[in-house]
Amino acid sequence: MDNNIEKHCHTESSNRKSHHPDHIKKDLENRLNRIEGQIRGIKGMVERDVYCDDIITQLSATQSALNSVAKVLLQWHLKGCVVDRLSEGDEAVLDELVVTIQKLMKK
């Protein structure tokens with residue numbers, strides 16, 4: 001966990017927010033920008049009638065990139081938000097975490 005950040009997650013009322021270190025946010029933004037570019041590229045491939053197998057290869061690479069973003073977010077969620085909420089006595093975060101992991105495993 002990044003010791004420079006006291007709290008990673010705020011859950012007052014129903015307004016939940018995460019506060020991750022700037023370097024993590026920047027990394028995620030860069031990854032998502034690349035994925036956005038990949039999606040635009042795939043769309044262009046479809047428009048140009050590129051061979052299906054080549055498009056599928058690019059889709060697979062894009063899905064892998066999305067999974068990578070999810071792994072980074074899950075790591076910071078566990079080390080930040082989950083730890084913070086557990087330390088506050090909020091054990092409901094564990095049920096939420098199980099649902100989140102189930103969503104990730106459907107892919």
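Author: Helices (H or I, at least four residues) and strands (E, at least two) are DSSP runs, numbered from the N terminus. The model is predicted, so local features need pLDDT of at least 70 and side-chain atom pairs count only at pLDDT 80 or more, while totals for chains, interfaces and linings use all residues. Residues are numbered from 1 along each chain as its sequence is written, and side-chain values use heavy atoms, with hydrogens and water left out.

Reader: Which pattern does the chain follow along the sequence?

Author: The chain has three helices and two strands. Read along the sequence, their pattern is β-β-α-α-α.

Reader: What percentage of the residues count as buried?

Author: Buried means under 20% relative accessible area, exposed over 50%, and partly exposed in between (1.4 Å probe, protein chains only). The chain has 107 residues, and the share of them that counts as buried is 23%.

Reader: How is α1 oriented relative to α2, roughly parallel or roughly antiparallel?

Author: Axes are lines fitted to C-alpha atoms, for helices over the stretch in contact, and angles run from 0 to 180 degrees between N-to-C directions. Helix α1 (residues 22–47) and helix α2 (residues 52–87) pack with axes 10 Å apart, at an angle of about 165°. Angles under 35 degrees count as roughly parallel, over 145 as roughly antiparallel, 65 to 115 as roughly perpendicular and the rest as oblique. The angle therefore makes α1 and α2 roughly antiparallel.

Reader: How many nonpolar residues are in the contact of α1 with α2?

Author: Ala, Val, Leu, Ile, Met, Phe, Trp, Tyr, Cys and Pro count as nonpolar, Asp, Glu, Lys and Arg as charged, and the others, Gly among them, as polar. In the contact of α1 with α2, four residues are polar and three charged, and the nonpolar ones number 17.

Reader: Where is Asp 49, and what is the value of its phi?

Author: Most residues other than glycine have a negative phi. Asp 49 is placed in the loop between α1 and α2, and Asp 49 is exposed because its relative accessible area is 70%. Phi of Asp 49 is positive, near 60°.

Reader: Which residue of α3 named Glu takes part in the contact with α2?

Author: α2 and helix α3 (residues 92–105) pack at about 170°, their axes 10 Å apart, so α2 is roughly antiparallel to α3. Contact means heavy atoms within 4.5 Å. From α2 the contact includes Leu 74, His 77 and Val 82. Among the residues on the α3 side are Leu 97 and the one asked for, Glu 96.

Reader: Is His 77 buried or exposed?

Author: His 77 has its place in helix α2. Not counting residues up to four places away in sequence, His 77 touches Val 82, Glu 96 and Leu 97. Its relative accessibility is 17%, so His 77 counts as buried.

Reader: What separates the C-alpha atoms of Glu 36 and Thr 62?

Author: Glu 36 is found in helix α1 and is partly exposed, because its relative accessible area is 45%. Thr 62 is 26 residues from Glu 36 along the chain, and their C-alpha atoms are separated by 9.0 Å.

Reader: What separates the C-alpha atoms of Asp 54 and Ile 42?

Author: Asp 54 lies in helix α2 and counts as partly exposed because its relative accessibility is 38%. Asp 54 and Ile 42 are twelve residues apart along the chain, with a C-alpha separation of 9.4 Å.
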